[in-house]
Amino acid sequence: MSFVIDPTCIKPYGDTLNDGRMQFSFVLPVSCDELGKEAAKTLLKKMGFDNIDVCLLKDLQEGFTQFIAYANTSITVDITKIQVKTVDTAVMSMEETDDFIEKTMHRKLVVVGACIESDAHTVGIDAIMNMKGYNHRYGLERYKYFEAHNLGASVPCEQLLKKATELKADAILVSQIVTQKDIHIKNLTRLIELAEAENIRDKMLFICGGPRINHELAIELGYDAGFGAGTYSTNVASFIATEMERKRLRV
C-alpha cells in the first residue's frame, strides 16, 4: 500500500497518515498520583494539544514524576519551505580518501583532535580518530595519508592550539559531548576567539562535532564545518581532504 504525501502539509504520524498523534516524555515536580497526572494533561492542553492520554507515571522520588503521554496536534509543516545547511561534500571510503590526498596534496594531512575544557567524554573524538573507529569505519589513525593526534579529554583551548601550531596541523577537530547550560557554545566560541587572537584561525581548518552540533551552528560560531550525531570518520576525512584541495587551488 502506498501513500500520496503532500509535502506542503504534513503532520506527525501515529496510527494513520497525518493524524497528528505525538508521544511525549517529560518530568514535572509533582506527586505521582491523579493530581500529578492532571497537571501533565493541563500542561499539554496549554501547549495546544488535544485528545491527551497520559499512559505512564513513574515516581522519581523527592517530589518528581516522569510522564509518558500521547496527544494530537493540528499544526502542519510545509517542508518545501525548509532550508537546511549541511556539509556539501561527497563521502569517500578510507581507500578513496587516501588516494585523493595522495594525488592532490602529495603528503600526509596533519589533524589534531581533542575534547576541550571541562568536557571529559571522548566517545565522539575517539570514534572519529582512533584506529578502530566505530561501526566498521576505521578512524583517522588508520588512514595512510592522515597523521592523527588525539589529545584526549579536558584539554584547555590554549594547549590544543599550541600543539596544533607545533605540529603545523592542517585541521583541528573538537568534540563537545557535554551541553548543559550551553557550555559547548562557550567552549567552542572561546577556542575560535583564541585562534583569531593568535592569528592562526585561517592557517588550519577548524571542525567541531557533538550531539547538539550541526553545520549551521558551526558556521555561526566561526568553524569551517560541524558534524552532529550519526557522523563517521569517513564524513570528516572526506571533508578535510576535499576542503584542503579547495584551499590549495584558491592560493
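Helices (H or I, at least four residues) and strands (E, at least two) are DSSP runs, numbered from the N terminus. This is a predicted model, in which local features need pLDDT of at least 70 and side-chain atom pairs count only at pLDDT 80 or more, whereas totals for chains, interfaces and linings use all residues. Residues are numbered from 1 along each chain as its sequence is written, and side-chain values use heavy atoms, with hydrogens and water left out.

- Among the buried residues of helix 7 are S233, T234, V236, A237, S238, F239 and I240, where buried means under 20% relative accessible area, exposed over 50%, and partly exposed in between (1.4 Å probe, protein chains only).
- E243 lies in helix 7 and, at 13% relative accessibility, counts as buried; leaving out residues up to four places away in sequence, E243 touches L205 and R250, contact being heavy atoms within 4.5 Å.
- The largest nonpolar core has 27 residues, and those with the most contacts inside it are V111, L140, F146, L173 and I240; such a core is a set of buried Ala, Val, Leu, Ile, Met, Phe, Trp, Tyr and Cys residues joined through side-chain atoms within 4.5 Å.
- Two or more residues of this core come from each of helix 2 (94–104), strand 4, helix 3 (123–129), strand 5 (146–150), strand 6, strand 7, strand 8 (225–227) and helix 7, and the largest share, six residues, comes from helix 7.
- F146 touches T97, I101, K108, L109, V111, L140, A237 and I240, when residues up to four places away in sequence are not counted.
- Another core, of 26 residues, lies apart from it and includes I172, V174, F206 and A218.

- Five strands form an open sheet in the order 5-4-6-7-8, with parallel pairing; two strands pair if DSSP finds at least two bridges between them.
- Strand 5 and strand 8 stand at the edges with a single partner strand each, so one side of each is left without a neighbour in the sheet.
- Neighbouring strands of this sheet are turned by 20 degrees against each other on average, direction ignored; the axes are lines fitted to C-alpha atoms, for helices over the stretch in contact, and angles run from 0 to 180 degrees between N-to-C directions.
- Five bridges join strand 4 and strand 5 in the parallel sense, and G113 stands opposite N150 in strand 5.
- Helix 4 packs on the sheet by touching strand 4, strand 6 and strand 7, and its direction makes about 155 degrees with that of strand 6.
- Helix 5 also packs on the sheet, where it touches strand 6 and strand 7, and its direction makes about 175 degrees with that of strand 7.

**Helix 4**

- In helix 4 (residues 157–166), C157, L160, L161 and A164 are buried.
- Seen down the axis of helix 4, these buried residues fall within an arc of 95 degrees, so they line one face of the helix; the arc is that of the directions from the helix axis to the C-beta atoms.
- On the other side of helix 4, K162 and E166 are exposed.
- The buried residues of helix 4 pack against strand 4 (109–115), strand 6 (171–175), helix 5 (183–197) and strand 7 (205–209).

**The loop residue R107**

- R107 lies in the loop between helix 2 and strand 4 and, at 34% relative accessibility, counts as partly exposed.
- Neighbours within four places in sequence aside, R107 is in contact with I101, Y145, D170 and M244.
- R107 and K144 are 37 residues apart in sequence and 10.0 Å apart in space, C-alpha to C-alpha.

- Strand 1 and strand 3 pair over eight bridges, with I68 in strand 3 as the bridge partner of S25.
- Strand 2 (residues 50–61) and strand 3 (residues 64–72) run antiparallel and are joined by eight bridges; in their hairpin, which has two residues between the strands, E62 takes a positive phi near 55 degrees.
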